[in-house]
Amino acid sequence: MGISLAAQIYSVLAALILLTSFGLLVQRRIYGLLHIFAWQGLFLSVSTAVVGYSAGLHHLYISAILTLTLKVFVLPYILYTLIHKLKIHKEVEDLVNIPTTMLIGIALVIFSYYLTSPIRELSTFVTRSTLAVALATVMLGLLMMITRKKAVTQIVGFLSLENGLFFVATSATYGMPLVVELGVALDILIAAFIFGIFFFHISTTFDSLDLKEMEKLKEED
Amino acid sequence: MALLMVLGVSLVAALLLALAGDRKYAPEINIFGSAATFVASLALAMEVYEKGPMIAGGNFFFVDAFSVYLTVLTAFVSATTAIFSRRYMRHERSHGKVGKSGMKFYHSMFQLFIFAMLLALLTNNVGVLWISMELATLATVLLVSLYRTPSAIEAAWKYFILCGVGIALALFGTVLLYFAAEKVFGEGSQGLLWTNLTRVSGRLDPTVMSLAFIFFMVGYGTKVGLVPLHNWLPDAHSEGPTPISAVLSGLLLNVALYALVRCKVLVDGATGSGNKTGYIMMAFGLLSITVASFSLLRQKDIKRLFAYSSIEHMGIATFAFGLGGHVATFGALLHMLVHSLTKSAIFFTAGHASQMHSTQDMKSIKGLIKGNPMVGWGLMLGVLAIAGMPPFGVFTSEFLILTAAMKSVPYFVPFFLLGIAVAFAALFSKVMPMVFGEVPANQSPLRAAHLPVVIHMALMLVLGIYLPTFLSNWFHAAVEILR
């Protein structure tokens with residue numbers, strides 16, 4: 001596989017990750033969200049492996065496998081069981097203004113390209129044009145967390161934001177040092193347990209996982 | 001050796017307390033663990049004081065004057081908080097606010113939280129610093145929701161999400177930093193070590209580093225509680241158990257600021273002259289001082305009040321670090337120290353005051369000095385100290401910062417002074433009715449933990465009157481590092 005082919009595959013994967021981010025932004029069904037999220041994890045993992053292959057760096061394979069297990073199997077599985085236990089799998093979230101959200105999303109992508117344009121020139125690496133995509137994924141994750149009002153969807157947004165960060169780590173550099181990557185994975189795993197506990201607390205206390213109920217703590221006038 | 005003790009004891013204590021956290025002697029284990037950590041941190045500090053900065057564990061740990069002073073402070077406040085938490089949590093447990101598993105969880109996570117902060121301070125790796133900051137967040141998230149009330153869960157969720165996002169952005173900054181460092185060091189784990197980065201900071205790419213700084217500022221700034229990223233802070237401080245409020249406010253904010261300042265030094269090295277990062281920090285600092293001090297006027301909940309006061313003081317420290325220069329940086333370091341001591345003491349007394357009245361509503365808290373003189377005077381003196389009255393330590397540090405600001409950025413001084421004045425008025429007018437007056441009917445007597453408050457107050461007084469030579473030498477060494 002030549003460098004240019006690897007670069008092309010990588011660009012396709014980057015595009016797919018961006019696409020899944022937009023998919024997450026407008027998907028209303030909870031299972032649908034989980035599927036898209038798992039696909040995003042898969043693309044991320046494959047892209048890491050491609051970089052590892054083309055650059056001949058074997059520690060990236062470890063990080064690809066880590067991503068595969070964590071983002072494609074473990075986290076979606078945890079979310080799936082939680083959703084099942086809490087009996088919210090049939091819920092459909094009503095989203096207002098999908099077109100507006102999409103437009104804001106597109107604006108964020110352009111902004112990311114603008115922001116990273118001075119950096120892209122620097123990088124001599126095969127993956128250089130993808131830094132903007134990575135930043136866009138982070139921003140779209142943020143946007144999703146802002147627009148969604150359910151605990152589960154906010155968490156999916158958060159995890160997709162984290163996917164973006166992993167993508168930055170491989171697209172800007174050849175992945176972070178292994179000790180850091182393992183630590184980050186551990187933190188995400190702990191976070192997964194914590195939000196699992198949270199879902200139960202929220203649903204038992206508020207009788208739903210709708211965050212609209214949680215608006216008590218405000219400054220009184 | 002001392003270094004391993006510092007980290008090891010809290011980790012072992014966390015494991016031990018996960019099993020025995022609800023036993024009768026659990027608070028004593030907690031105290032013992034924290035005290036042992038404190039002794040070990042003193043030994044470590046002596047070593048660094050005599051021999052200068054040290055690298056240990058094959059480049060994994062790096063201790064210099066800046067980090068060691070915060071290490072000692074963290075260990076010290078955690079020890080006094082553990083003493084306070086013994087009586088406080090026993091009261092909560094006997095009043096049925098926390099269950100058996102809750103106590104286990106509380107004690108275990110308390111130690112894990114201390115461990116995470118100490119690791120953040122002692123590590124040499126920017127990536128590990130990030131990991132331990134995240135670990136510190138995760139350890140405290142479920143402590144904030146310990147009481148399982150709707151508002152506690154809401155506060156914890158807010159804390160989890162906002163700090164999660166904030167710290168994720170800091171990770172982005174870390175990646176960018178690594179990206180810049182990779183150009184200099186090549187591939188490998190060398191590029192994230194402070195010791196290496198500070199050596200070559202002049203050769204890091206300025207564009208990338210400026211972008212990285214924005215992410216560090218927003219990311220770690222969220223954890224410092226700077227306005228407008230502060231929304232989680234008052235909720236988390238008011239809804240969690242008071243010992244946790246004390247360590248969150250007194251320690252976690254400091255550690256986050258430490259991370260931010262360390263990153264700033266690197267970015268300054270890369271971008272060269274012109275204090276761009278400093279102006280960003282000053283802007284965040286001034287905004288925090290102003291917004292927080294005016295918010296103080298509107299508070300009804302005693303712990304929320306002091307949470308906003310923490311935002312104000314972190315704003316002051318951030319402003320001073322942004323200002324830079326010898327005097328301001330010295331003032332900022334001193335301010336972190338005295339704020340941490342004062343604020344945790346205030347939270348101790350505020351916690352007891354709300355236990356005596358079974359509410360955190362300031363309107364229902366009255367007659368503290370008659371009801372329990374130690375708690376009442378503790379709160380009164382603590383508030384005088386935090387408002388910047390002489391002869392307490394906060395006065396000294398604020399005075400230093402003000403002097404430096406007058407000299408280099410006089411046009412910022414009015415905002416700074418206005419913030420301090422408004423905060424003083426707000427705190428004073430809220431606290432006076434609470435401490436003076438007759439004992440109300442809803443007040444019940446309480447066996448309070450006096451020792452931690454007395455120790456903190458004494459230290460604040462000493463630091464206000466006289467700065468020991470070793471401490472000022474220490475600060476001077478830290479100032480040199482932050483140049």
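Biologist: What pLDDT does chain B average in this predicted model?
Modeller: In chain B, 99% of the residues score at least 70. pLDDT is the predictor's confidence in each residue, from 0 to 100. For this predicted model, the average over chain B is 91.

Biologist: Which helix of chain A has the highest confidence?
Modeller: Chain A has a mean pLDDT of 84, and 92% of its residues reach 70 or more. Confidence in chain A is lowest in helix 4, at a mean of 84. The highest value there, 91, belongs to helix 2 (residues 30-55) of chain A.

Biologist: What ipTM does the model score?
Modeller: Two scores describe the model as a whole. The pTM is 0.94. The ipTM is 0.90.

Biologist: How many helices and strands are there in chain A?
Modeller: Read along the sequence, chain A runs α-α-α-α-α-α-α. That pattern holds 7 helices and 0 strands.

Biologist: What is the radius of gyration of chain A, and why does it count as compact?
Modeller: The C-alpha atoms of chain A fill a box of roughly 55 × 35 × 35 Å along the principal axes. For 221 residues, the globule rule gives 17 Å. Chain A comes close to that, so it is as compact as a globular protein of that length. Its radius of gyration is 18 Å.

Biologist: What radius of gyration does chain B have?
Modeller: Chain B holds 19 helices and 2 strands. Its C-alpha trace spans about 70 × 55 × 45 Å along the principal axes. A compact globule of 483 residues would have a radius of gyration near 23 Å. The value for chain B agrees with this: 21 Å.

Biologist: What share of the residues in chain B is buried?
Modeller: A residue is buried if 20 or more other C-beta atoms lie within 10 Å of its own. In chain A, 45% of the 221 residues count as buried. In chain B, with 483 residues, the share is 63%.

Biologist: Which helix of chain A gives the most to the side that touches chain B?
Modeller: The contact takes 37 residues from chain A and 38 residues from chain B. Helix 4 (98-122), helix 5 (131-147), helix 6 (151-172) and helix 7 (178-206) of chain A each supply at least two residues of the chain A side. By class, that side has 27 nonpolar, 5 polar and 5 charged residues. The most, 14 residues, comes from helix 7 of chain A.

Biologist: Is P177(A) buried or exposed?
Modeller: P177(A) sits in the loop between helix 6 and helix 7 of chain A. It has 21 C-beta neighbours inside 10 Å. The cut-off is 20 or more, so P177(A) counts as buried.

Biologist: How many of the 19 residues of helix 8 of chain B are buried?
Modeller: Helix 8 (residues 206-224) of chain B should span 27 Å at 1.5 Å a residue, and its end C-alpha atoms are 25 Å apart, which agrees. G225(B) follows helix 8 of chain B, with a positive phi near 85°. Helix 8 of chain B is largely enclosed by the rest of the structure, because its count of buried residues is 14.

Methods. Residues numbered from 1 in each chain as written. Chains lettered and ligands numbered in written order. Predicted model: local features only at pLDDT ≥ 70, side-chain atom pairs only at ≥ 80, totals over all residues. Contact = placed C-beta atoms within 7 Å. Helix = DSSP H or I, 4+ residues; strand = E, 2+ residues; numbered from the N terminus. Nonpolar A, V, L, I, M, F, W, Y, C, P; charged D, E, K, R; others polar. Buried ≥ 20, exposed ≤ 12 C-beta atoms within 10 Å, placed from the backbone. Expected span 1.5 Å × (residues − 1). Rg over C-alpha atoms; globule rule 2.2 N^0.38 Å.
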